[in-house]
Amino acid sequence: MSGVYDDPWAYELACSFRDVPAEVEVLLGWCAEQGLAPRTALELAAGPAEHAREFARRGLAATALDLNPRMCAYAAREAEKAGVALEVVEGDMTRFALGRRFDLIATMLDSTSHLMTLDAFVAHLRRAAAHLSPGGLYVVEMSHPRDRLGDDPSVSTGWTVERDGVRASVRWGEPSDRLDPVTQIADDHVTMTITGEGAESRVVRDVVPYRFWTATELDAAIRLAGGLEVAAQYGDFGAGEDAVPLADPEAWRMITLLRPR
Ligand SMILES: C[S@@+](CC[C@H](N)C(=O)[O-])C[C@H]1O[C@@H](n2cnc3c(N)ncnc32)[C@H](O)[C@@H]1O
C-alpha cells in the first residue's frame, strides 16, 4: 500500500500551511544570535526538503536526507526545477554517516516522532552530534507537549489548504487514535482528500505511527547521547523580540537548539 510519504507532492501540498521561507529566516536569525553564520546545512528526515531547498536558495551548501526514496527523488527534482543545488541522500536518521560536518542541522515538523524508542532517539542524536561542526547548531522542531498532555491541544488535527487551484482537506489523527500509555505511541489515521487536480477527487489514506516525546524525555535523551547541550528552546518560530518561550501560553511547538558540548 502506498502511504502519505509515498506521495511527496500531496504531502507537500498538505503541509503548505507553513511559511517555509519565514521559518528559514527565523532559523538563520537564531543562528546569528548564537554567533553562527552557517555555510553548510543538513536537513534530516527532510521529506520534500522544503527547508533544505530554501537554504540552498539562500546560498548555503545544502543536503537533504530521508528514508523514503520517493521523497528523495521528489526533493531532487524540485531543487533542479528551481535551479538550486541540493545534495539528496537516501538514509536513516539513526545510522547515517556522511563523512563530513555541517554548520547547521535541522529536523523539522516533528519528524523525531518517527523515532519509536529511546535507543533510536539516542542513536539519532549521536549521529547528529557526529555531523555538527564545532560552533554549529542542531535545531529540532517537535510538537508542543501540551498537544498530548494538556486538556486543550494547541494544534488541530484537521485542516484545509489550497495551492494553485488544488485543495487538500487533511485529517492527521482521529479522536479514536489514542496514545498507548505504556509505549507513548499512537497509530495516527491520516486522510488527505485532494480536489481540483482533474475531474475527480483523490483520497490518500494511511496509518502513521507517532511516538510522543515529552520535554523531560528529550532532555534525558540529550544527556544520554552526550556530545550535545541545549543552547536555547522556543515555543514558536520567532527570533529576537518575537521569541516565544517554550513555557509561554502561546507556545505551540517545542523547538530546541543544540550545540556541541
Ligand atoms: C512528517 S514528514 C516531515 C518531512 C519534513 N521534515 C517536513 O518538514 O516537511 C517525516 C519524514 O520523515 C521520514 N522518515 C521517517 N523515518 C525516518 C528515518 N528513520 N530516517 C530518515 N527519515 C525518516 C519520512 O520518510 C518523512 O519524509
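This is a predicted model: local features need pLDDT of at least 70, side-chain atom pairs count only at pLDDT 80 or more; totals for chains, interfaces and linings use all residues.
Local features need pLDDT of at least 70 and side-chain atom pairs count only at pLDDT 80 or more. Residues are numbered from 1 along each chain, and side-chain values use heavy atoms, without hydrogens and water.

Q: Why is H5 called oblique to H7?
A: The axes of H5 (residues 118-130) and H7 (residues 215-225) cross at roughly 55° and come within 9 Å. Angles under 35 degrees count as roughly parallel, over 145 as roughly antiparallel, 65 to 115 as roughly perpendicular and the rest as oblique. H5 is therefore oblique to H7.

Q: Which residues make the contact of H5 with H7?
A: With contact meaning heavy atoms within 4.5 Å, H5 uses Leu-118, Phe-121, Val-122, Leu-125 and Arg-126, and H7 uses Leu-218, Ala-221, Ile-222, Leu-224 and Ala-225.

Q: What makes up the largest nonpolar core?
A: A nonpolar core is a set of buried Ala, Val, Leu, Ile, Met, Phe, Trp, Tyr and Cys residues joined through side-chain atoms within 4.5 Å, where buried means under 20% relative accessible area (1.4 Å probe, protein chains only). The largest has 31 residues, and Trp-30, Phe-55, Leu-86, Leu-104 and Leu-257 have the most contacts inside it. Elements that each supply at least two residues include helix H3 (50-57) and strand E11 (253-260).

Q: Which helix gives the most to this core?
A: H2 does, with seven residues.

Q: Which residues does Leu-257 touch?
A: Not counting residues up to four places away in sequence, those touched by Leu-257 include Trp-30, Leu-137, Val-230 and Tyr-234.

How values were computed:
Axes are lines fitted to C-alpha atoms, for helices over the stretch in contact, and angles run from 0 to 180 degrees between N-to-C directions. Helices (H or I, at least four residues) and strands (E, at least two) are DSSP runs, numbered from the N terminus. Buried means under 20% relative accessible area, exposed over 50%, partly exposed in between (1.4 Å probe, protein chains only).
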